[in-house]
Amino acid sequence: MAVSSAPGKVYLFGEHAVVYGEPAVPCAIERRATVEVSARSDGRLRVDAGDLTLDGFTVEYGGDGAPDVDVPQSLVQAATGYVDGAVAQARDAADAPDVGFDVAIESAIPLGAGLGSSAAVAVAGIDAATRELGVELSTEELAERAYRVEREVQSGEASRADTFCSAMGGAVRVEGDDCRQLDAPNLPFVIGYDGGAGDTGELVASVRALREEYDFAADTVEAVGDLVRRGERALDEGDIAELGRLMDVNHGLLSALGVSSRSLDAMVWAAREAGARGAKLTGAGGGGCIVALDESEASRTALGYTPGCVESFRAELDFEGVRREDG
């Protein structure tokens, strides 16, 4: 048996624009997905995703088709698609195409909420499964293989940002294939969660359609890239006030691209009015989470009284990426 964990993330800046080669700065947070893997000889997969969704479930299936279970197929695909990809990458890395696995997932990261749950499951799953088969991968190769999983599941629309951040930890910069870690202070993140989840594929496709139809939408995507470059300088200087101002602008640009929602906007404004340095949606949008910068408890308290916010919590920057949990 091998057990690995990997952190979720928030986007300080740059979601959606990163898909088109603009830079983005995601930051790992201290909420993790943990994946336990045991090899089996019959070639089948048993996935226990009890903590990955609200209700959870267990499925067992072979490699010749989808699992036959009495739950919505979209739920099964969400819970197993990234696991399937992680297993395929581990089999490839270990040259063991016929091995099966028992996989158990425990996650403190809401699924589909913009906090990188799928990337964390992919990174931790590949690390645990390859180690179970006696293969040690570098963090860079883990990030690359996890990116291949996300790219396949998301029909080629994924960037390297989520998986690289989850594998490496801390704050990272991603621009196309150029991925590197950044020096960053311990940023005072506060997260608000509306209990929902946007459809990443649909949201990415909607931005693509808008960008292809309207020049101003393409200009908006480029403006996000320009903002990220300004944000990098502020991050390097430890200028929290400037980071917050740029987060506010980034949220406005994402709203212009049509990926915000009423609940996300309500949480953003609640945090700002409570004194946050800045606040924005994080991830694909459409529902899910916002991230604010606030050293005090005021934003978290305000979010607790905001209609549509079902949970608020502080999430410190996690400087550790993928981690062994089996000693």
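Residues are numbered from 1 along each chain as its sequence is written, and side-chain values use heavy atoms, with hydrogens and water left out. As the model is a prediction, local features need pLDDT of at least 70 and side-chain atom pairs count only at pLDDT 80 or more, while totals for chains, interfaces and linings use all residues.

The protein chain holds 9 helices and 12 strands. Both are DSSP runs numbered from the N terminus, with helices being H or I over at least four residues and strands being E over at least two. Of the 327 residues in the chain, 55% are buried. Here buried means under 20% relative accessible area, exposed means over 50%, and partly exposed lies in between (1.4 Å probe, protein chains only). The accessible surface of the chain comes to about 13,200 Å², and carbon and sulfur atoms account for 44% of this surface. Such areas come from the Shrake-Rupley method with a 1.4 Å probe; for residues, only the protein chains shown count as cover. A contact means heavy atoms within 4.5 Å. Among contacts between residues at least 6 apart in sequence, 72% join residues at least 24 apart.

One part to look at is an open sheet of 4 strands, in the order 9-10-8-11, with antiparallel pairing. Strand 9 (278-281) and strand 11 (311-314) stand at its edges; each has a single partner strand, so one side of each is left without a neighbour in the sheet. On average, neighbouring strands of this sheet are turned by 20 degrees against each other, direction ignored. Strand 9 pairs with strand 10 (residues 289-293) in the antiparallel sense over 4 bridges; two strands count as paired if DSSP finds at least two bridges between them. Leu281 stands opposite Ile290 in strand 10.

Two helices lie across strands of this sheet. Helix 7 (residues 240-256) lies across strand 9 and strand 10, at about 35 degrees to strand 9. Helix 8 (residues 262-273) lies across strand 8 (189-193), strand 9 and strand 10, and runs at about 170 degrees to strand 9. The axes are lines fitted to C-alpha atoms, for helices over the stretch in contact, and angles run from 0 to 180 degrees between N-to-C directions.

An unreviewed UniProt entry lists residues under "binding site", including Gly114 and Ser117. UniProt positions are given in the numbering used here, feature names are shortened, and annotations may be inferred rather than shown by experiment. Gly114 is in the loop between strand 5 (100-107) and helix 2 (117-132). Its relative accessible area is 16%, so Gly114 is buried. Not counting residues up to four places away in sequence, Gly114 touches Lys9, Thr282 and Gly283. Ser117 is in helix 2 and is buried too, at 5% relative accessibility. Neighbours within four places aside, Ser117 is in contact with Ile109, Pro110, Leu111 and Gly112.

Two further residues are picked out by their backbone angle phi. Most residues other than glycine have a negative phi. His16 has a positive phi, near 70 degrees; it is in the loop between strand 1 (2-13) and strand 2 (25-40). Asp95 also has a positive phi, near 55 degrees, and is in the loop between helix 1 (73-94) and strand 5. Is each of these residues buried or exposed? His16 is buried, at 7% relative accessibility, whereas Asp95 is exposed, at 66%.
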